[in-house]
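Me: I have a model open and want to walk through it. Can you take my questions as they come?

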Amino acid sequence: MGGAARRRLPACLAPERYSLACVGNSVIILGIETSCDETAAAVVEDGWRVLSSSVASQIELHRRFGGVVPEIASRQHVEAVNHVIEDALANSGLGLAEVDGIAVTNGPGLEGALLVGACAAKGLAVALGVPLTAAHHIEAHVYANFLERHAVLAPFLCLVVSGGHADLVLFHEHGRLELVGETRDDAPGEAFDKVARLLGLPYPGGPEIDQIAAGGNPAAIAFPRPRWEGSYDYSFSGLKTAAVRYVERLSPEELAGQLPDICASFQEAVVDVLLRNLFAAAEEYGVGSVCLGGGVAANSRLRARFYQEALARGLCAWVPPSAFCLDNAAMVAAGGYYRLAQGLESGLDFDVFSVGPLSRASL
Ligand code: KG4
Ligand code: ZN
């Protein structure tokens with residue numbers, strides 16, 4: 001297949017002027033995301049203006065198994081990906097001919113699931129003759145902070161908290177993202193999901209615990225706040241185990257009576273641990289801005305305390321709207337825009353990967 005004649009991205013302004021980069025050029029990026037259990041496509045203009053963002057969630061399919069089943073996820077992505085891309089384009093009011101570039105997540109995530117998005121993106125890039133860039137999922141979560149706003153002051157620290165990660169990312173400038181802390185064991189979303197399952201709550205457990213915690217006392221149970229001395233790394237397995245041990249000792253009646261307090265106390269411990277490292281790192285690196293990303297950043301208690309405590313420290317604080325914290329493709333398109341603006345184009349032979357550090361993003 002020969003593909004269409006090659007089109008180039010309009011020349012962008014210098015990367016250091018990124019807060020206003022490409023204003024007036026109207027560069028349209030189609031983002032595609034299939035790393036886990038959401039099939040997503042989005043159309044983003046100039047790296048920040050979301051023209052459309054379509055997400056087909058598979059949560060209902062995986063719920064009865066208590067977690068994501070990789071084979072089911074891949075098959076579902078195959079069925080959904082073309083429809084979701086068509087939906088995103090229809091909602092944006094644009095046609096394929098107006099797409100200037102394509103960005104797709106190539107890892108970390110479920111390899112079979114990632115392959116579906118990668119193949120769709122490669123096929124479209126060849127057919128349209130537009131540049132293609134492969135994006136790191138965590139980098140994309142950081143770039144959710146560039147959506148729907150005009151300026152982001154770098155350097156800033158972004159805490160990406162999801163079902164698979166607790167990554168503290170120091171954003172120096174586009175193309176220079178440094179991982180200054182990460183989890184040594186479980187991710188916070190994973191801990192939320194496991195504790196919720198034990199409490200008899202449906203998957204995914206994070207939003208369930210969030211909701212029930214609103215009626216509980218966060219100081220009722222003294223769960224541990226694990227730390228790794230001398231680093232900004234995280235650990236959640238001890239906290240998760242403490243919650244499991246606590247719950248296992250309760251009778252069904254006691255559990256029912258204490259449910260809001262258990263949820264509130266567990267959530268408070270997670271938030272304490274997350275914010276402690278974030279603000280300590282913000283001080284050490286002397287950043288003026290902090291932000292959040294990833295599905296757990298949809299947590300209401302984390303968001304509220306993050307804003308309050310950042311304000312008390314005189315820091316600018318930003319959290320993307322919940323829809324852009326959870327997996328979506330607008331964040332992929334935003335990051336992809338800046339990658340393409342810097343000439344970070346991926347060849348058609350790029351591969352997907354299940355685990356890999358942030359530096360893999362610069363393939
Ligand atoms: O970023 P994401 O959509 O997918 C991954 O890349 O993992 O994050 C999903 C995770 C799940 O573990 C889910 O329980 C958690 O985010 N989550 C929450 C909330 N909403 C989603 N955790 C706590 N509170 C919430 N409101
Ligand atoms: Zn994610």
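Me: Which residues does L89 touch, not counting residues up to four places away in sequence?
Reply: This is a predicted model, so keep that in mind throughout. L89 touches V43, L94, G95, L96 and V99.

Me: Where is L89 found?
Reply: In helix α2, residues 70–92.

Me: Is L89 buried or exposed?
Reply: Buried. Its relative accessible area is 9%, and the cut-off for buried is under 20%.

Me: What separates the C-alpha atoms of L89 and S53?
Reply: 9.0 Å. Along the chain L89 and S53 are 36 residues apart.

Me: Switching to the metal. Which residues coordinate the zinc ion, ligand 2?
Reply: H137 and H141, each through NE2, and D327 through OD. The distances run from 2.0 to 2.1 Å.

Me: How are those donor residues spaced in sequence?
Reply: The pattern is H-x3-H-x185-D. H137 and D327 link distant parts of the chain, 190 residues apart. H137 sits in helix α4, residues 137–143. D327 is in the loop between α10 (322–325) and α11 (330–341).

Me: Is H137 buried or exposed? And what about D327, buried or exposed?
Reply: H137 is buried, at 5% relative accessible area. D327 counts as buried too, with 15% relative accessibility.

Me: What about ligand 1? Which residues come nearest?
Reply: G163, D193, D210, G295 and N299, out of 19 residues around ligand 1.

Me: What polar pairs can I look at there?
Reply: Start with D193. An N or O atom in the D193 side chain is 2.7 Å from an oxygen atom of ligand 1. The side chain of D210 has an N or O atom 2.9 Å from a nitrogen of ligand 1. G206 takes part through its backbone: a polar atom there is 3.1 Å from a ligand 1 oxygen.

Me: How much of ligand 1 does the protein cover?
Reply: 89% of the 550 Å² of accessible area that ligand 1 has on its own.

Me: Now the nonpolar core. Which residues touch the most other members of the largest one?
Reply: L157, L168, L199, F236, F266, L278 and V290. That core has 52 residues.

Me: Which element gives the most to this core?
Reply: α8, with 16 residues. Others that give two or more include β6 (156–161), β7 (166–173) and α9 (300–312).

Me: Pick V290. What is V290 in contact with, leaving aside neighbours within four places?
Reply: L157, L278, F279, A282, F306, A310, L315, C316, A317 and W318. There is also a second, separate core of 34 residues, and it includes V44, A135, F324 and Y338.

Me: Back to the earlier part of the chain. What joins the side chains of Q58 and H62?
Reply: A polar contact of 2.7 Å. Q58 lies in the loop between β3 (49–57) and α1 (59–63), while H62 is in helix α1.

Me: How accessible are Q58 and H62?
Reply: Both count as buried. Q58 has a relative accessible area of 2%, and H62 is at 0%.

Me: What else does the H62 side chain reach?
Reply: The backbone nitrogen of V69, at 3.0 Å. H62 also touches D37, G67, V68, I72 and A73, among others. Q58 has contacts of its own, including C36, D37, T39, I72 and A73.

Me: Which residues other than glycine have a positive phi?
Reply: D46 is one, with phi near 55°. E148 is another, with phi near 60°. Most residues other than glycine have a negative phi.

Me: Where do D46 and E148 lie?
Reply: D46 is in the loop between β2 (38–45) and β3. E148 is in the loop between α4 and β6. D46 is buried, at 4% relative accessible area. E148 counts as partly exposed, at 39% relative accessibility.

How values were computed
Residues are numbered from 1 along each chain as its sequence is written. Chains are lettered from A and ligands numbered from 1 in the order in which they are written. This is a predicted model: local features need pLDDT of at least 70, side-chain atom pairs count only at pLDDT 80 or more; totals for chains, interfaces and linings use all residues. Side-chain values use heavy atoms; hydrogens and water are left out. Donors are N, O and S atoms within 2.8 Å of the metal (3.2 Å for Na, K and Ca); water is not among the atoms, so sites may look incomplete. Helices (H or I, at least four residues) and strands (E, at least two) are DSSP runs, numbered from the N terminus. Buried means under 20% relative accessible area, exposed over 50%, partly exposed in between (1.4 Å probe, protein chains only). A nonpolar core is a set of buried Ala, Val, Leu, Ile, Met, Phe, Trp, Tyr and Cys residues joined through side-chain atoms within 4.5 Å. Contact means heavy atoms within 4.5 Å. A residue is near a molecule or strand if one of its heavy atoms lies within 4 Å of it. A polar contact is a pair of N or O atoms within 3.5 Å; within protein, one must be able to donate a hydrogen and the other to accept it, and residues adjacent in sequence count only if both atoms are side-chain atoms. Accessible areas come from the Shrake-Rupley method with a 1.4 Å probe; for residues, only the protein chains shown count as cover.
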